[in-house]
Amino acid sequence: MAYLTRLAALAALLASSASIVSAVDDSGSGKTTRYWDCCKPSCSWSRPGLTSPVKTCDIDDKPLANGVEAQSGCQGGTSFACSDQSPWAISDDLAYGFAAVTSSNPACCQCFKLTFTDGPVKGKNMIVQATNIGDDVDGTQFDLAIPGGGFGLFDGCSKQWGATSDVWGAQYGGPSTNTCPKFPSKLQKGCGFRWDWMKGADNP
């Protein structure tokens, strides 16, 4: 479980290509899961109030100049998630990253501080920016974008990275052991975040 606080002034710190939608501060309890589907993030499309959508990359992980218009690689297009949307640690107690949020109340590019309240990550803090929207994500859930976190509903990783289940693991949750050394080099550090900073925590 995680305690969350919405932050009104950190969007630019996490992703210079994104802008904040609103400046509302609130807090409460929630939960986290994990995913990495390689698809174009939902917040990469043009939306009301979003002046600069999340950047996207081509199949070779190179930034797309026309990312807003490009169709998602998960729908036969050329736009995929960029590898630099992986999480990273600042210290043993603080990390930054990205997450998918509920489609019922999309919060594109807003930032949230998550304080984990149980498991091996108890007391650690993670600041995430909402870059994606999930139809299977509920109102108090943050689906953390972690390479090797499981494809979830969609799989663009097989097309972009040649992903196989023996390395990338289950559709939901990813591998049960650390297979990160077998991942594409650009994703290995982000994949390792789950096993290093998060100490292998399973949806805290």
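A cavity, on a 1 Å grid over the protein atoms alone, is a set of points where a 1.4 Å probe fits but cannot get out, and its lining residues have an atom within 4 Å of a point. Keep that handy for the exercises.

This is a predicted model, where local features need pLDDT of at least 70, side-chain atom pairs count only at pLDDT 80 or more, and totals for chains, interfaces and linings use all residues. Residues are numbered from 1 along each chain as its sequence is written, and side-chain values use heavy atoms, with hydrogens and water left out.

**Exercise 1. Find the cavities of 30 Å³ or more and describe their linings.**

Step 1: Searching the whole structure turns up two of them. A volume here is the space filled by probe spheres set on the points, with grid points joined across faces, edges and corners.

Step 2: Take the largest cavity, at about 80 Å³. Its lining includes the run Tyr35, Trp36, Asp37, Cys38 and Cys39, along with Phe98, Thr131 and Asn132. Sort the lining by class and you get eight nonpolar, three polar and one charged. For that sorting, Ala, Val, Leu, Ile, Met, Phe, Trp, Tyr, Cys and Pro are nonpolar, Asp, Glu, Lys and Arg are charged, and the others, Gly among them, are polar.

Step 3: The second largest cavity holds about 30 Å³. Among its lining residues are Leu144, Met198, Asn203 and Pro204, and β2 gives the largest share, three residues. Strands are DSSP runs of E, at least two residues, and helices are runs of H or I, at least four, both numbered from the N terminus.

**Exercise 2. Work out what surrounds Met198.**

Step 1: Look at the largest nonpolar core, which has 18 residues; Met198 is listed with Met126, Val128 and Leu144 as having the most contacts inside it. Such a core is a set of buried Ala, Val, Leu, Ile, Met, Phe, Trp, Tyr and Cys residues joined through side-chain atoms within 4.5 Å, and buried means under 20% relative accessible area, exposed over 50%, partly exposed in between (1.4 Å probe, protein chains only).

Step 2: Strands β4 (94-102), β5 (111-116), β6 (125-134) and β7 (141-145) each supply at least two residues of this core.

Step 3: Leaving out residues up to four places away in sequence, Met198 touches Phe116, Pro120, Val121, Leu144, Ile146, Phe193 and Pro204. Contact means heavy atoms within 4.5 Å.

**Exercise 3. Which residues of helix α4 (residues 185-195) are buried, and what covers them?**

Step 1: Leu187, Gly190, Cys191, Gly192, Phe193 and Arg194 are the buried ones.

Step 2: Their cover includes β2, β3 (88-89), β4, β6, α2 (157-161) and α3 (165-168).

Key: 1 Å grid on protein atoms, 1.4 Å probe; cavity = no way out; pocket = protein on both sides within 12 Å on 5 of 7 lines; lining within 4 Å.
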